[in-house]
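The sequence and the structure are shown first.

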Amino acid sequence: MNGLIAVEKNLSRIADFLENEGYEVVDLDENNLDTVDAVVVSGADNNLMNIETALTDVPVIDATGKSAADILAELQKL
């Protein structure tokens with residue numbers, strides 16, 4: 001899958017890496033969630049009670065503790 005990936009702004013190294021691998025990358029924004037194929041988040045704003053509002057039905061990849069290559073491998077499995 002080489003699709004459109006929304007990446008949190010603070011993950012610019014991962015965004016650059018994915019672009020070099022042929023993915024189209026956009027900043028994560030609630031307004032573009034309907035058009036992306038996957039979302040990459042930092043996990044820094046995870047809800048401590050594990051109660052979250054689902055904003056999208058696309059796969060969400062938590063980048064916490066993962067290298068750009070790890071995230072690429074997850075995207076390739078989709």
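Strands E3 and E4 pair in the parallel sense over three bridges, where pairing requires that DSSP find at least two bridges between two strands. Within this pair, Val 40 stands opposite Ile 61 in E4. Helices (H or I, at least four residues) and strands (E, at least two) are DSSP runs, numbered from the N terminus.

The model is predicted, so that local features need pLDDT of at least 70 and side-chain atom pairs count only at pLDDT 80 or more, while totals for chains, interfaces and linings use all residues. Residues are numbered from 1 along each chain as its sequence is written, and side-chain values use heavy atoms, with hydrogens and water left out.

**Sheet and helices**

The protein chain contains two helices and four strands, arranged along the sequence as β-α-β-β-β-α. The four strands form an open sheet in the order E2-E1-E3-E4, with parallel pairing. E2 and E4 (60-62) are the edge strands, each with a single partner, so one side of each has no neighbour in the sheet. On average, neighbouring strands are turned by 25 degrees against each other, direction ignored; axes are lines fitted to C-alpha atoms, for helices over the stretch in contact, and angles run from 0 to 180 degrees between N-to-C directions.

| Parallel pair | Bridges | Residues standing opposite |
|---|---|---|
| E1 (residues 4-7) and E2 (residues 24-27) | four | Val 7 and Asp 27 |
| E1 and E3 | three | Val 7 and Val 40 |

From E1 the chain crosses through helix H1 (residues 12-20) to E2 in a right-handed β-α-β crossover: with the strands pointing away from the viewer, the path from the first strand over the helix to the second runs clockwise. Helix H2 lies across E1, E3 and E4 and runs at about 155 degrees to E4.

**Burial and cores**

Of the 78 residues, 37% count as buried, that is, under 20% relative accessible area, with exposed meaning over 50% and partly exposed in between (1.4 Å probe, protein chains only). E1 is covered on both faces, with Leu 4 and Ala 6 buried on one side and Ile 5 and Val 7 buried on the other. In a regular strand the side chains alternate between the two faces of the sheet.

A nonpolar core is a set of buried Ala, Val, Leu, Ile, Met, Phe, Trp, Tyr and Cys residues joined through side-chain atoms within 4.5 Å. The largest one has 16 residues, and Ile 5, Val 7, Ile 14, Leu 18, Val 40 and Leu 75 have the most contacts inside it. E1, H1, E3 (38-41) and H2 (68-77) each give two or more residues to this core, and the largest share, four residues, comes from H2. Apart from it lies another core of seven residues, among them Ala 6, Leu 33, Val 36 and Val 39.

Contact means heavy atoms within 4.5 Å. Leaving aside neighbours within four places in sequence, Ile 14 is in contact with Val 40, Ala 63, Ala 68 and Ile 71.

What surrounds Val 25 beyond its neighbours within four places in sequence? This residue of strand E2 is in contact with Ile 5, Val 7, Ala 15, Leu 18 and Glu 19. Val 25 is buried, with a relative accessible area of 16%. Val 25 and Val 36 are 11 residues apart in sequence and 9.1 Å apart in space, C-alpha to C-alpha.
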